[in-house]
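My notebook is open, and a few spots in this model are worth looking up. Here is what I went through.

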Amino acid sequence: MKTMTTRTFVYAALTVLAVVAFFLRPLSVAILAAGLASIDGALLLVMWWSSVSVDSPSFLCLTMSVGFSVDYGVHVAHAYEHDDHDRDHDDADARSVTERLTNALCSVGKSVAKGGASTFPGIFVLTFAKAAIFRTFFKLLFATLRCGLG
């Protein structure tokens with residue numbers, strides 16, 4: 001079971017990164033892959049720390065976390081790569097990485113933060129559920145939000 005779960009989880013992550021590779025430059029995809037690996041590694045630590053076993057509900061949350069994790073970073077990476085501020089000037093390519101990243105965060109950072117913040121109330125009600133499956137969903141999705149946005 002654990003081998004199949006691990007294999008499926010890795011395939012899901014690789015598939016998402018392959019799709020993202022069609023839209024972003026390789027360096028951005030590599031940075032997103034590192035972020036995805038760190039967030040999912042943190043989720044596995046949360047699972048270990050809170051004694052959540054690898055079963056169908058936790059695996060579903062881990063798979064969803066792949067999408068959430070990529071979603072947060074891909075919006076910023078896309079805005080960074082397609083930053084057309086001052087594009088009509090000859091020195092547009094010479095602009096600093098910091099300036100381009102600042103423009104990207106100013107243009108989409110607030111929307112990404114609002115998306116994560118609006119997800120939290122939806123999962124917060126799960127803390128009051130009596131069923132263990134809903135508490136597992138809350139633990140893992142909250143950890144995904146915390147790691148992905150924090």
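I started with S51, which sits in the loop between helix 2 and helix 3; helices here are DSSP runs of H or I, at least four residues, numbered from the N terminus. This is a predicted model, where local features need pLDDT of at least 70, side-chain atom pairs count only at pLDDT 80 or more, and totals for chains, interfaces and linings use all residues. Residues are numbered from 1 along each chain as its sequence is written, and side-chain values use heavy atoms, with hydrogens and water left out.

I looked up the backbone of S51 and found phi near 55 degrees, a positive value in a residue other than glycine. S51 counts as exposed because its relative accessibility is 64% (exposed is over 50%, buried under 20%, partly exposed in between, with a 1.4 Å probe and protein chains only).

Next I went to E81, in helix 3 (residues 56-81). What is the nearest side chain of opposite charge to E81? I found R25, 4.7 Å away, and E81 is buried yet has no salt bridge (a side-chain nitrogen of Lys or Arg within 4 Å of a carboxyl oxygen of Asp or Glu). For charge, Lys and Arg count as positive and Asp and Glu as negative, while His and the chain ends are not counted.

Last, I checked V74. Leaving aside neighbours within four places in sequence, I see V74 in contact with V20, L24 and L32 (contact means heavy atoms within 4.5 Å).

Methods:
Helix = DSSP H or I, 4+ residues; strand = E, 2+ residues; numbered from the N terminus.
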